[in-house]
Every structure is written in structure tokens, then in C-alpha cells.
Amino acid sequence: MKNVNQNQFPHLKIIKHYIKDLSFENPQSVLAKKSEIRNSSVEVDLNLLYNSYDDQFFGVTLRYNCKSSIKTKKSNLFLLEIDYLGIFSVNNKNQFKEDVLTKEGARLIFPFARSIIANISQNGGGMPIMLDNISFDLERINP
């Protein structure tokens with residue numbers, strides 16, 4: 001028999017969220033041609049890191065790295081690295097798997113990190129990085 005009062009997904013409360021580490025480098029030359037910039041390659045890497053603090057609290061770090069380089073030269077247009085940390089509380093943390101808590105935490109802090117990434121890249125003189133929404137693979141059960 002299934003317990004109908006048991007939550008399938010955690011209900012998290014954000015305690016705080018902030019930039020843990022940020023680096024933006026824009027070494028592009030003012031003489032860079034528009035055609036070189038348009039033909040640049042972009043490498044993106046997104047990782048999620050989980051940290052358990054006690055029975056009720058945990059943290060999720062969203063680590064985003066983006067590098068753009070000119071294909072014809074071995075020079076970078078820009079490099080952006082950010083670690084964005086969210087601290088959460090949840091009742092009955094041991095009831096949920098670590099990957100479920102990680103994905104749900106990332107889902108809550110991703111919009112803040114996305115906004116910071118867009119602002120830093122645009123105001124840093126590079127091409128603005130406008131990230132799409134990301135599905136963190138939580139399959140919600142519809143009643």
C-alpha cells in the first residue's frame with residue numbers, strides 16, 4: 001500500500017545563495033575582426049556539487065565555465081567561471097536521495113546564476129551569454 005501523505009519530492013527552503021567564486025577574463029584584442037568573433041568556438045561546462053551540513057541543511061554549488069576562442073588563432077575572446085552556492089533546509093533530508101536534492105536545489109538557484117552570467121558577460125565587453133532554461137531531470141508525478 002502506498003502512503004499518500006509521503007512527499008515524492010523535497011520542499012526546499014532557500015536559506016541563502018551567493019557568488020562563491022567568480023572570474024571573468026576578456027583578453028580579446030580591440031583589433032579583433034567581427035568575422036573572427038562570429039566564427040569563434042564556445043565551450044560550456046556545467047557541474048553541480050552537493051555538500052551535506054547536518055540533518056536538515058545542505059548546499060548545492062552550480063559551477064559554470066564558458067570559454068570562447070578564435071578558431072583561426074590560439075587566442076581567447078573571453079573566459080567566464082562562476083561558482084554559485086545555495087544553502088537549503090529540508091525536513092527529513094535522509095528520506096531523499098542526494099541527486100534529487102542536488103537537482104531540486106540547482107533548479108531553484110539557476111535563474112539567479114543565469115542572470116549574473118548574462119550581466120557579467122554583457123557588461124564585460126564580450127558577447128552576452130544568454131542561457132536557456134535547463135531541465136534538471138526531476139520527473140514530477142501528476143496526481
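Modeller: Happy to! Strands themselves are DSSP runs of E with at least two residues, while helices are runs of H or I with at least four, and both are numbered from the N terminus.

Before going on, a word on the source. This is a predicted model, where local features need pLDDT of at least 70 and side-chain atom pairs count only at pLDDT 80 or more, although totals for chains, interfaces and linings use all residues. Residues are numbered from 1 along each chain as its sequence is written, and side-chain values use heavy atoms, leaving out hydrogens and water.

Now for the setting of β4. The protein has 2 helices and 4 strands, and from the N terminus on they run β-α-β-β-β-α. Of its 143 residues, 33% are buried; buried means under 20% relative accessible area, exposed means over 50%, and partly exposed lies in between (1.4 Å probe, protein chains only). β4 is mostly covered, with 12 of its 14 residues buried.

Contact means heavy atoms within 4.5 Å. Leaving aside neighbours within four places in sequence, aspartate 83 is in contact with Tyr18, Ile19, Lys20 and Asp21, and also with Thr61, Leu62 and Arg63.

Rings of Phe, Tyr and Trp (its six-membered ring) pair if their centres lie within 6.5 Å; planes under 30 degrees apart count as stacked, over 60 as edge-to-face and the rest as tilted. A search of the whole structure finds 3 aromatic pairs. In one of them, phenylalanine 24 and phenylalanine 78 are stacked, at 6.3 Å centre to centre with 25° between the planes. This pair links distant parts of the chain, as phenylalanine 24 sits in strand β1 and phenylalanine 78 in strand β4, 54 residues apart. Phenylalanine 78 is buried because its relative accessibility is 1%, whereas phenylalanine 24 is partly exposed at 24%. Elsewhere, Tyr50, Phe58 and Phe88 form one aromatic cluster.

β4 also has a share in the core. A nonpolar core is a set of buried Ala, Val, Leu, Ile, Met, Phe, Trp, Tyr and Cys residues joined through side-chain atoms within 4.5 Å. The largest one has 24 residues, and those with the most contacts inside it are Phe58, Leu62, Tyr64, Leu101, Ile117 and Ile129. Two or more residues of this core come from each of β3 (57–70), β4 and α2. Isoleucine 117 touches Tyr64, Leu80, Ile82, Ile129 and Leu131, not counting residues up to four places away in sequence.

Finally, follow the chain out of the strand. Phenylalanine 96 is placed in the loop between β4 and α2 (98–123), and its 13% relative accessibility makes it buried. Phenylalanine 96 and phenylalanine 9 are 87 residues apart in sequence, yet 7.6 Å apart in space, C-alpha to C-alpha.
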